[in-house]
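Subject: Two-chain model, structure and notes

Hello,

Here is the structure I said I would pass on. Please look through it before reading the notes below.

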Amino acid sequence: MNRLTGADVLMRVYLGIFFFYLLAPLAVMAFATFNTSRFPTVTPWLGTTTQWFVALWNDRQMWQGLRSSFIVGAAVIAVSVPIGVAAAMLLDGVHKRARSLLYAVMVSPLLTPGVIIGISTLVFWDRLGVKGGLHLAVIGQSSFIIAYVMLMVSARLQRFDRTLEEAALDLGASHTQVFRKILFPYLRPAILAGAVLAFFQSFENYNTTLFTRGTETTLTVYIASKVRTGLTPAVNALALILIVVTILFAVGYEILRRRQKAKVAAA
Amino acid sequence: MSDLLRRYGWPITLFMIGTAAIWLVVMVVLPALVMVEYSFHPNLPVTKRGGPEDYYTIANYAALFRGVDLATWTFPNDFKVFVRTIWGASLVTLVSLVVCYPIAWHVAKVAPPRRAALMILLLIIPFWINEILRTFAWYIILAYQGPLNAVLLGVGILEKPVRWLSGSGGVIIGMTYAFLLFMMFPLINAIETLDTNQVEAARDLGAPTWQIHRRIVIPHAKPGIAVGCIMVFVLAASSYIVPALLGSPGTRWFTETIYVWFFEGQDWPRGSAYAFILLTLCVGFIMLVMRVFRVGLADIAK
């Protein structure tokens with residue numbers, strides 16, 4: 001190890017400051033849950049309590065929001081996964097020139113701001129006489145979440161060995177059998193990861209939901225409205241729970257992804 | 001098409017084309033077209049739609065600029081909000097780039113593998129946490145009686161507490177925090193692919209650090225910089241919750257203006273027109289960056 005130069009020291013200080021900046025706000029938010037102060041803060045510390053978890057548990061609106069978020073998330077999976085898989089297969093099968101155009105249209109929802117997707121969905125379905133609500137939130141969210149699923153399935157499909165398919169067809173398997181016995185099992189990890197990602201994206205969505213929700217309240221909408229009116233550390237309690245769930249989720253997802261990557265590398 | 005049929009047969013091919021068409025036509029393209037069409041109509045009650053008062057007009061777009069007077073330097077409210085949004089989103093993008101670049105360089109090339117892996121984990125965790133919660137964290141910190149003021153007063157840097165949440169400052173701070181990691185990961189991915197030998201060769205030949213970055217690392221990281229800038233700018237320009245929580249009525253964001261036209265003003269055509277303007281702004285920015293950095297769509301959607 002060389003001697004530390006001035007630049008190295010500066011870099012270390014900068015790294016320290018940066019990670020403090022990144023993580024300290026989350027820690028403050030989490031710790032504020034245990035303060036008896038009615039306004040969530042850590043300064044001054046008025047006393048340690050777990051009462052805000054009880055307050056959260058007794059909040060009926062929170063449960064309703066959670067229920068709505070789960071319903072929407074499940075529906076988004078049901079819509080996005082089949083369409084996403086079909087879109088990936090279609091993209092894989094078309095000719096090169098058509099592919100780049102199709103690809104551009106398919107990823108365009110990912111570059112479109114969420115509020116715009118929400119607004120266009122709202123206006124379009126209003127024209128057809130459909131008002132806002134959870135069903136419209138599902139449609140709005142799916143329009144870009146399908147693209148995520150499509151990208152994940154596409155990535156795996158690109159490495160698919162097509163001779164397997166052709167061999168099966170030559171040996172007299174039907175197209176449906178080939179899909180069920182060869183392609184689907186091969187794609188299953190990507191489909192599973194896509195479903196998980198779809199649920200997560202839906203669960204944390206706010207921008208698209210805001211415009212399509214009608215008078216319904218999902219969990220993110222509930223949190224936002226609570227912060228603006230009627231903020232107590234019960235919101236922090238919810239935030240803390242969500243952070244813990246998110247970390248478990250993120251770690252699980254990363255493990256799944258790496259295992260998949262390792263499998264590919266080994267193959 | 002014949003290739004698809006041979007490979008998948010009729011039922012599966014039809015299912016593929018059918019579902020993809022429902023998605024792209026009914027969920028993506030048509031809603032956008034209907035929104036744009038709607039924005040060229042006057043705001044009429046349902047009974048008068050299609051009647052003699054229903055004609056195409058650009059009034060909803062002109063409304064954004066009505067009352068702009070360069071001679072007296074007066075600007076109407078919606079216009080000010082629009083300019084503030086462009087300016088703010090650009091600032092957030094620039095600050096994110098400057099803050100992230102050294103970290104990304106360190107994680108991708110300098111840190112030993114185990115430490116780099118730990119740092120990436122520490123970056124991933126906040127990245128997965130909901131935007132609203134990340135914003136809420138700053139709402140607590142920047143509160144008048146919050147920890148930031150308490151610490152700064154305690155150390156003696158401040159003489160009396162500051163109202164952080166009354167100007168645009170809080171919005172910029174919160175947005176940078178909320179969207180910065182969308183710059184970080186593309187940068188790390190881009191810098192990681194650089195051949196370290198190039199850097200070492202330059203160093204052996206006596207190039208100072210800043211020259212190495214200017215001539216080798218930054219040109220190589222261009223696609224990552226482009227993706228990061230696009231992500232951060234679009235997210236910031238179209239953010240609703242950050243200005244709603246961390247801003248004040250005097251520092252409204254363009255998304256908030258759109259929301260107000262929709263749900264408080266009950267003027268959907270005007271809201272649609274503003275939404276289209278916002279979309280044009282974002283698409284314009286994306287195209288500008290793609291041209292300047294010479295990157296394609298496939299580099300962006302990874």
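Predicted model: local features only at pLDDT ≥ 70, side-chain atom pairs only at ≥ 80, totals over all residues.

Residues are numbered from 1 along each chain as its sequence is written, and chains are lettered from A and ligands numbered from 1 in the order in which they are written.

The chains

Chain A contains 11 helices and zero strands; helices (H or I, at least four residues) and strands (E, at least two) are DSSP runs, numbered from the N terminus. The radius of gyration of chain A is 24 Å, well over the 18 Å that the globule rule gives for 267 residues, so chain A is more spread out than a compact globule. That radius is taken over C-alpha atoms, and the globule rule is 2.2 Å times the number of residues to the power 0.38. Along the principal axes, the C-alpha atoms of chain A fill a box of roughly 75 × 70 × 30 Å. Of the 267 residues in chain A, 42% are buried. A residue counts as buried if 20 or more other C-beta atoms lie within 10 Å of its own, as exposed if 12 or fewer do, and as partly exposed in between, with C-beta atoms placed from the backbone. Of the contacts in chain A with a separation of 6 or more, 75% are between residues 24 or more positions apart; two residues are in contact if their C-beta atoms, placed from the backbone, lie within 7 Å.

Chain B has 14 helices and zero strands. Its radius of gyration is 24 Å, well over the 19 Å that the globule rule gives for 302 residues, so chain B is also a chain more spread out than a compact globule. The box for the C-alpha atoms of chain B, taken along the principal axes, is roughly 75 × 75 × 40 Å. Buried residues are 41% of the 302 in chain B. Among contacts in chain B between residues at least 6 apart in sequence, 70% join residues at least 24 apart.

Chain B is divided into domain 1 (1–36) and domain 2 (73–300), with bounds that come from an automatic or database domain assignment. The centres of these two domains, taken over C-alpha atoms, are separated by 35 Å.

The contact between the chains

The contact takes 66 residues from chain A and 64 residues from chain B. On the chain B side, the largest share, 22 residues, comes from α1(B). The residues on that side divide into 51 nonpolar, 10 polar and three charged. Here Ala, Val, Leu, Ile, Met, Phe, Trp, Tyr, Cys and Pro count as nonpolar, Asp, Glu, Lys and Arg as charged, and the others, Gly among them, as polar.

Leu278(B) is one of the residues that touch the most other members of the largest nonpolar core, which has 158 residues. Such a core is a set of buried Ala, Val, Leu, Ile, Met, Phe, Trp, Tyr and Cys residues joined through C-beta atoms within 7 Å. Leaving aside neighbours within four places in sequence, Leu278(B) is in contact with residues including Pro113(A), Ile116(A) and Phe254(B).

Helix α5(A)

Helix α5(A) (residues 114–127) has 14 residues and reaches 20 Å from its first C-alpha to its last, close to the 20 Å expected at 1.5 Å a residue; the expected span is 1.5 Å times one less than the number of residues. Of its 14 residues, 12 are buried, including Ile116(A) and Trp125(A). Their cover includes α4, α6 and α9 of chain A together with α1, α12 and α13 of chain B. Gly129(A), which follows α5(A), has a positive phi, near 85°.

Backbone details

The peptide bond from Thr43(A) to Pro44(A) is cis, with omega near -5°. Pro44(A) is in the loop between α1 and α2 of chain A.

Trp73(B), in the loop between α2 and α3 of chain B, has a positive phi of about 60° although it is not a glycine. Trp73(B) is exposed, with 7 other C-beta atoms within 10 Å. Gln266(B), in the loop between α12 and α13 of chain B, is not a glycine and has a positive phi of about 55°. Gln266(B) is exposed, with 11 other C-beta atoms within 10 Å.

Regards
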